Structures are given as C-alpha cells and as structure tokens.
Amino acid sequence: SIQYLAAAMDNPLRAASNLYHAVKFTLSPEGFRTFLATNNSGLADARLHGLNIVDHSPTQLSAVTPGARKNLIDRIPFAGPGLLKINDAVYGRGIAYLKYQVYQSNVEMLTASKNQQGFGAFFSKVTGRKAGADLSDAEIKREVAEYTNNLLGGQNMEALGIGRNQQALEKMVILTPDYLRSTSGMVASLTDLGVKGALARRTLGLYFGLAAVATATVTTLFSDQMPNLFDPTSPKWLTMQVDREDGGTTNLNPFSRFVSLAKIPLKTIGVLAEEGKLDDALNAGYEQSQRFLRGRLASMPGIGAEVLSNKDYFGNPIVTEGGLKGQLQQVEHVASSALPIVAQSLREEGEVSLTTAVEFLGVSAYSTTPQEKMVTEALTAAALNAGVPEDLVLEAVRKGRNPLTATIDGVRVLSAVENRDAVEYAVSISGVEEDVVRRKG
C-alpha cells in the first residue's frame, strides 16, 4: 500500500488506472504474462538504463532479464512456498507493473518536451513538469530510472556496486536496507537541479500536501481530537486519528516513510524557534534522529538496544520492578518484540481491529488505549495541582511528554519530592492500576 501511495503521488491523474491494473496483475498471473509479452522490449530497455525490476520479480521477469534468482523466502520451512507466492504476486507483478508505468510515463513526458526553448524550457525545469530538455534520451532514461527506484524501492545493487555479502550484512542490522536507501535517495534528490530533482520535488510536494489534507479530513470526521498539521515537534504531526468505541484512539500514519525523516530537521528548527536555544534544538534533533534510526533497526539489534536502554520504541520503561518480576518483564518484552508487527498488534489489541488491519497493509499504526488517555489526564491534573504553569503543562501534553517533568531554563519545575507526591495524586484520581501510572509518571 505504501508503494501504491507513492506511485499515486507521481501521477495523481493516472492513479486509479494504475492501481486497478496493479491489483489486477497481482491477482492474475495470466494477465501479467500478457503484459510481459506486450512490453518485452520496453522492459528490457528500462532494465538496461537502470530500472530495477528483477529484485521485485524473481520469477516472472526472468525471461526478460536473464540471471534473476529465486527469492530465499521459499526456503523458509512450511510457510516458505506460500510466502513466495504472495511476494511474487505483490512485488513481482503489482509493484513491477507500477514501477514500469511510473518510469515509462515520465520518460515519455520528458523526451516529448525536448523541443522547448527559452523561458518555457526554464519554467518547466523549475516546476518539474517538463524538465530535461537539455539531456539526451539515454540520460533522461537513466535519471528517471534512478528516481523510480527511489520512489518505489528496489535499488539496482549491481549498478551501485553492492555485492551480496554486503547486502546480507546490512539485512542483519537494518530492517529494510534497500527501502531505507531508496527513501534517503529520494530526499537527497531534492537538491538535484536535474531531472530526478525536479521529479522528486514535484512528487514530495504532492505527498506532503495529501498528508495534510488526509490528516485534517480523517481526524475531523472520526475523532474529537484536533488534527496536527503544522507542529513537527509533536508525535501526532500528520497523524490521522480515529476514536474507538472503548474510549481509546487509533493513530494512523500512511505517510510515515517521509514524514518520520522530515521530522528530524523540522523538529530541530521548531524547537529552536520556540525556545531560542541551540542546545535544546540540537538535542531535540538528535533525539528524533535516534528514534528514526531505532525504527529502522532489524529485529534483534533493535530489541538489544531497547533492553540496554530499558526503554521501548515509544520511550516507556521496560522494567519497572525489581528482582524476578523485573526479569520476567524483560523476558516478556523480548518475546513479544520478536513477533511480526501484525502479531504484536493482535496481541496488544486482543482482536482484529483497525490497527491490525492497516498494519497488515503496511501502514504505520498504533493505538492509544483508554487507560493511556486516563493516565495522561491524571498526570495533567496532578501537574497543575502541583503548581506547574498551565502553558508548560499544555505544551508537554501536546508534544507527548510527561507534564510532571516540565522544565524552565533546563531546570525541572518540580523537585524529586514534589514529583513523587504528584504521582501519588495522579494514582489516586486516575482509576487506573498504580503500576501503570507510575510507569508513565
């Protein structure tokens, strides 16, 4: 679904048609074989100029690009063959079709514009609508191929000089090294003055525009919360919120691929603008970059980092008890974190919910439970009762922080004793189990 969204941002006018055919070919191997036969020479030419389709289609495109290898997924005991079929259907057919359509439509548009002269050519290059008038057809194809690989994932490792040993090593440390490289490449292209830069600026502009519109629409229609469109210092920036019947909230972020990366510089600038202190701004940027990198770690290194820091991905303490209870908390965290994301969601939700459904489709999502909302409200009341200025309390809550830890000029408003008393007060009014409040407070 993330790749479908990215393809739609490249050409919104053709999004519905491209999605229809991508889904059609995902479900129909026969239909895709017909597509291959019709576009055999075009696919071979695209591969020649750097478009990576082989890694996304280990079986279907082997006739077009000799040397394609079968994916190692099929070697997984019992589940392997079934997973390989799903992988081939989604990536080998659906995403492969999208990549070729994005590549081909941009190549056709750019080569057709090469006769423009003067101001028209300059304007087109700035806007990205018809850049590339001063390039040869081969150069246009190479730049569009690189842009397409960045947009939809799947780098041409051979062209980048990255061997299989390095790829295997990267996969041991990074969750999806290929996709991370594509995302970083897309962002780096923003400063490029050529074809791929113009295409990247156009696409990411539409991407963030849609993120703002979707966040405002969904949150306004399905939640009592205010949509956060303009504050990148908040964890809810460009996050769609849907109220649940049990009083909790489902938080959806289909745009997290680029939003999470954009948060690093934007949060740094935002904190600097708000507080006027370079140290605080740099610390905020460092904290956000650490969170971004933690989210890209492979399972085992990620779990190890959490255990060592005693904080989960959201910053909550893992071990809150001493002795055997604490060790059991640690074991439980390691065991649950090793599960696939969808299985973790099912474990937390206890049923198939909106969160588990969208995570199955590849959308970043998490739930705020009624308990968590009650704890936040209790800590907010406790902070105000303890004398923390209201503006500091509201700011902390807006940014997802514990209001009891609010600071003025880098010094906490509440002393250790006052903080302990405030937590006791929050426990007494929350109606939530004591250890849950203490873990947050």
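Two residues are in contact here when heavy atoms lie within 4.5 Å of each other. In this predicted model, Thr203 has such contacts, beyond its neighbours within four places in sequence, with Ala6, Met9, Asp10, Tyr147, Leu151 and Met186.

**Thr203**
- Thr203 sits in helix H11, which spans residues 195–222.
- Its relative accessible area is 1%, and buried means under 20%, so Thr203 counts as buried.

**Salt bridges**
- Asp45 pairs with Lys141, with the closest N and O atoms 2.9 Å apart. Asp45 belongs to helix H4 (residues 40–48) and Lys141 to helix H7 (residues 137–152), so this bridge ties together parts that are 96 residues apart in sequence. Asp45 is partly exposed, at 25% relative accessibility.
- Glu146 and Lys196 form a salt bridge with an N to O distance of 2.8 Å. This pair links helix H7, which holds Glu146, to helix H11, which holds Lys196, across 50 residues of sequence. Glu146 is partly exposed at 34% relative accessibility, whereas Lys196 is buried at 17%.
- Glu170 and Arg181 form a salt bridge in which the closest N and O atoms are 2.7 Å apart. Glu170 lies in helix H9 (residues 164–173) and Arg181 in helix H10 (residues 177–188), 11 residues apart. Glu170 is buried, with a relative accessible area of 14%; Arg181 is partly exposed, at 24%.

**Helix H19**
- Helix H19 covers residues 390–398, and its Leu392, Val393 and Ala396 are buried. Viewed down the helix axis, the buried residues of H19 fall within an arc of 100°, so they line one face.
- An α-helix has 3.6 residues a turn, so residues three or four places apart point the same way.
- Glu390, Asp391 and Leu394 are exposed on the face of H19 turned away from the buried side.
- Cover for the buried residues of H19 includes helix H18 (370–385) and strand E4 (407–408).

**Hairpin E1–E2**
- Strands E1 (residues 240–243) and E2 (residues 249–253) pair in the antiparallel sense over 4 bridges. Asp243 has Thr249 in E2 as its bridge partner.
- The two strands, E1 and E2, form a hairpin with 5 residues between them, and Gly247 in the turn has a positive phi of about 100°.

**Surface patch**
- Leu19, Val23 and Leu27 make up a nonpolar surface patch with about 280 Å² of accessible area together.
- Val23 lies in helix H2 (residues 15–27) and is partly exposed, at 36% relative accessibility.

Conventions:
Residues numbered from 1 in each chain as written. Predicted model: local features only at pLDDT ≥ 70, side-chain atom pairs only at ≥ 80, totals over all residues. Heavy atoms only, no water. Pairing = 2+ DSSP bridges. Buried < 20%, exposed > 50% of the residue type's maximum accessible area, 1.4 Å probe, protein only. Arc of directions from axis to C-beta. Patch = residues over 30% accessible without salt bridge, like charges linked within 9 Å, V, L, I, M, F, W, Y side chains within 5 Å. Areas by Shrake-Rupley, 256 points an atom, 1.4 Å probe, with all protein chains shown as cover. Salt bridge = Lys/Arg side-chain N within 4 Å of Asp/Glu carboxyl O.
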